[in-house]
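The exercises below ask you to read a structure residue by residue and element by element. Try each task before you follow its solution.

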Amino acid sequence: MSADTSIASSAGSGAASGPGTSPNGGGVPRGGGAGGIAGRFANWNVAIIAVTLVVMVVASATVDNFGTSQNFGFLVLDLLPIALVALPMTLVIVTGEIDLSVASTLGLSSAVMGSLWNSNQPIETIIPVCLLLGAVLGAINGFFITVLGLPSLAVTIGTLALYRGLAFVVLGDGAVADFPAVYTDWVTGNLAGTSIPNVLLVIVALAVVFGIVLHATPVGRAVFAVGASEQAARFAGVRPGRLKFWLYVVSGAVAGLAGVLWTLRYSSARADNGAGLELAVVAAVLLGGVSIFGGKGALPGVLAGVLLLASLQNALRLSDVSNEALNVVTGVLLIVSVLAPNLANAVRGSVQRRRHRTTTNPL
Amino acid sequence: MSFRISRRLAVPLSTVAVASLALTACGGGTTKSTTANEATNAPSSTGSAAADPNAPLKEGLKIAYLPKQLNNPYTDVSVGGGKVAVGEIKGEYKLVGPNDASASSQVSYINTLIQQQQDVIVVAANDPNAVCPSLNQARKAGIKVVSFDSDASKNCRDAFINQATTQGIGESLVKMASELAGGTGEIAVLSATPNATNQNAWIEVMKTELKKPENAKLKLVKVAYGNDDDQKSFTEAQGLLQSFPNLKVIVSPTTVGIAAASRYVSASSYKGKVAITGLGLPNQMRQYVKDGTVKKFALWNPADIGYLAAYAGAALKSGQITGAEGEKFKAGKLGDYTVGASGEIVLGPPTEFTAANIDKFDF
């Protein structure tokens, strides 16, 4: 019951903020006083960044070997695929849709990469082909969702199975390993003379592009508008179908890229690469403050969410915490992340109601 | 429209996301080793100095086990043997590992072990190549790497503990079949899948052995495939007995197949007339040995594999061996071992289990 009202209120406030307001605006009420405090509490985006920083500082101080540059490199490599795929996923979820086929797209991209390499194609051809393949797989999702109007959850659960199946058709359960050392070394290596991992460049570059698109362009405003209210967005001149179609294409292409990098990182093209990754990505995006109901979210929060999950896992592992305990910690964290914004909304709602009552019924 | 759908699905979806990290087992599946890389560097190439067979075994060595996956009965037994050995040499035993056997999940654990400055990593690789870059980083950091059970690529570990040679297993299967058939008659093989690399290699050795004059009276009538599926193996065993009424022995070199065949024969009129043998787990086979269906079967002792790996790792770290062919070291209760070609150390011929000794084994 109370969950329903908070969902309604969050969707309502998102709709009210509409296109053109700040992306965080949906969750932040105007006006000061008690509402302002609740509003600041509700600003998950800031909170998650703060929590991430705290966790990293505490872990560096208390966990042996956490703060080393080598461990930083390992950390970045571990979060690489999640961070990449989370970028377009953020946009997709902000529009109120979802793409669960990303990990299977990654796997199929990896399998095709291995199979082409086996047939002696040059790697310089294979990599663009894999990106293109990802885009095509994304376009297939987009077609079913926007042209045929099917729900994205159903479509991408279907293609999750379909693309993974195709990956096994392409490569079977074998592995292809002998990729050129120049490429595999680049992916696992650091910038010359520093301890900054090369792949961090890829993450930062794409994050900047996606950040600008989402938060500083008409496309980004359209994404928020569609997520807040598709009908209102349509009246405002946005074409939701076309927007979503291209988001799926981009999501597929980035998953294809993640497949290439995954393959090179492990020097191993396999059909089962990245299995289960889609849930980790969705989890990180939600933890980063993106509303699963659409219309709300911001990229810095998502990146903090990815970093928070990866750092926690890394730190707990270094402290010899068992896998099971590790899963429990992450699970609790995610439940909190889904509950907290709704709780904050509920608190704000009750505060506003009380203020409303006192102003209209002065006794 | 689609916004409303995503709202309705929001609750199950968030649940799915929350469950994500708890359910990373989606990857599943064991690895068929397809070692594509040929050894480019000799395993000893990174060894610092020449071997000194008289070097004292160091105490307090930190020896970490990274099996294919945790919470698997076979794994528990093999690392259990390791724990015993690490205790004997007064080292520090550690066990880490993923809950799923996917190809790349072991890499983060290797990275953690590097950070923790272990002395020896004993690993059963889920993918011979995916673990390679990390293992080589470990070796650069002075950690000795011993693979066991499932080899990593030759150029990224110092030694490999092989449970038995292909030749040894094939010979042992024919020897048991011959004894059970009284040296003459029809035999059949019930294998796993038609493309299982290890199974096929053993069957090839069996065929060569059967051509020898002393086995001239044994006739291999069929190789059937139960796909390592209990039901299918059961049906295949049934089919073999119906198609070949004079069949004397079914040889099943797979733990699933031998158990299914034994279950069928023990409850049928063939009991006592047709012998079953092959490779099996004592705990699965105990009842059939006790009820007389199975006279003898074989398997390496997994506890000994883990045990031998600890001694090999300690010998490497203490400088007794470097992993080069011909070097010798002592492995506690198992006695003396010699390093074979490309760092391979063979545990020995498979252990034969009979009614007389089966109660000494619990795995």
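**Exercise 1. Is Asp272(A) buried or exposed, and what does it touch?**

Step 1. With a relative accessible area of 12%, Asp272(A) is buried, where buried means under 20% relative accessible area, exposed over 50% and partly exposed in between, with a 1.4 Å probe and protein chains only.
Step 2. Asp272(A) sits in the loop between strand 2 (269–270) and helix 13 (277–287) of chain A; helices (H or I, at least four residues) and strands (E, at least two) are DSSP runs, numbered from the N terminus.
Step 3. Not counting residues up to four places away in sequence, Asp272(A) touches Arg164(A), Phe168(A) and Ala103(B), contact being heavy atoms within 4.5 Å.

The model is predicted, so local features need pLDDT of at least 70 and side-chain atom pairs count only at pLDDT 80 or more, while totals for chains, interfaces and linings use all residues. Residues are numbered from 1 along each chain as its sequence is written, chains are lettered from A and ligands numbered from 1 in the order in which they are written, and side-chain values use heavy atoms, with hydrogens and water left out.

**Exercise 2. Find which residues of helix 3 of chain A are buried, and where they lie around its axis.**

Step 1. Helix 3 of chain A (residues 44–62) has 19 residues and reaches 26 Å from its first C-alpha to its last, close to the 27 Å expected at 1.5 Å a residue, the expected span being 1.5 Å times one less than the number of residues.
Step 2. Its buried residues are Trp44(A), Asn45(A), Ile48(A), Thr52(A), Val55(A), Met56(A) and Ala59(A).
Step 3. Seen down the axis of helix 3 of chain A, these buried residues fall within an arc of 105°, so they line one face of the helix; the arc is that of the directions from the helix axis to the C-beta atoms.
Step 4. On the other side of this helix, the exposed residues include Val46(A), Leu53(A) and Val57(A).

**Exercise 3. Work out the strand order and the pairing in the open sheet of chain B.**

Step 1. The 4 strands run in the order 7-6-8-9, and their pairing is parallel; two strands pair if DSSP finds at least two bridges between them.
Step 2. Strand 7 (218–225) and strand 9 (275–278) of chain B are the edge strands, each pairing on one side only.
Step 3. Strand 6 (residues 185–191) and strand 8 (residues 247–252) of chain B pair over 4 bridges, and Val249(B) in strand 8 is the bridge partner of Ile187(B).
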